[in-house]
Amino acid sequence: MRQTNHLDRVTLTVSTLPGGTNTLAVSGVKDLYNNAMSLQQMNFLYGAADTDHDGLPDWWELQYFNNITNAVPSVDNDNDGLSNWQEYIAGTDPMNQFSTLRVENIIPAAGSTYVVTWTPQSNRTYNVLWTDKLTTNFTTQVTGLAYPQARWTDTLHGASADGFYRIEAVK
Ligand SMILES: [Ca+2]
Ligand SMILES: [Ca+2]
């Protein structure tokens, strides 16, 4: 950040921002001759501290585990099939088995299509994957479906005898 002669100190008080990158924009800045200067902008990280270096930010561990070191990324505390780390990425509650990411419904629709639904979380995007056999790899069908979108229509696999869907969350 560039320092200017007439601006030697700024005190900024920040509270209750979401974790991650936030943008601070400063406008109305003028130079020594009272000419308007271009908008100054900076990005800063808030709430990204991770005291125990386990990949789960302190603010997240505090919110769900009342402590900044108690949550174990690989553990599935609420037994919903998602590890705590997966719940952090998905934006779901790691202590509530009903808050989870899964394909909720696959509904046959007109024109040999299937409508796939899930429960989206804010600030997440979703990818839908498909395979005709669980012994083969899933292939990505669509990416970047942003909250609040909660459904996707598969127009490609209506004639397939079998089909399996997987939903991925991207933070
Ligand atoms: Ca942590
Ligand atoms: Ca879980």
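Reply: From the N terminus on, the elements of the protein chain in this predicted model run β-β-α-α-β-β-β-β-β-β. That order comprises two helices and eight strands. The loop in question lies between β2 (40-46) and α1 (58-65), and Gly55 is placed in it.

Gly55 counts as partly exposed because it has 13 C-beta neighbours inside 10 Å; a residue with 12 or fewer would be exposed, and one with 20 or more would be buried. For the chain as a whole, buried residues make up 13% of the 171 residues.

As for its surroundings, Gly55 is in contact with Asp50, Pro73 and Trp85, once its neighbours within four places in sequence are left aside. Trp85 is 30 residues away from Gly55 along the chain, yet their C-alpha atoms are separated by 7.6 Å. On the scale of the protein chain, residues 24 or more positions apart account for 45% of the contacts with a separation of 6 or more.

Pro108 belongs to strand β3, which covers residues 105-109. Pro108 has 9 C-beta neighbours inside 10 Å and therefore counts as exposed, whereas Gly55 counts as partly exposed.

Key:
Residues are numbered from 1 along each chain as its sequence is written. Chains are lettered from A and ligands numbered from 1 in the order in which they are written. This is a predicted model: local features need pLDDT of at least 70, side-chain atom pairs count only at pLDDT 80 or more; totals for chains, interfaces and linings use all residues. Helices (H or I, at least four residues) and strands (E, at least two) are DSSP runs, numbered from the N terminus. Two residues are in contact if their C-beta atoms, placed from the backbone, lie within 7 Å.
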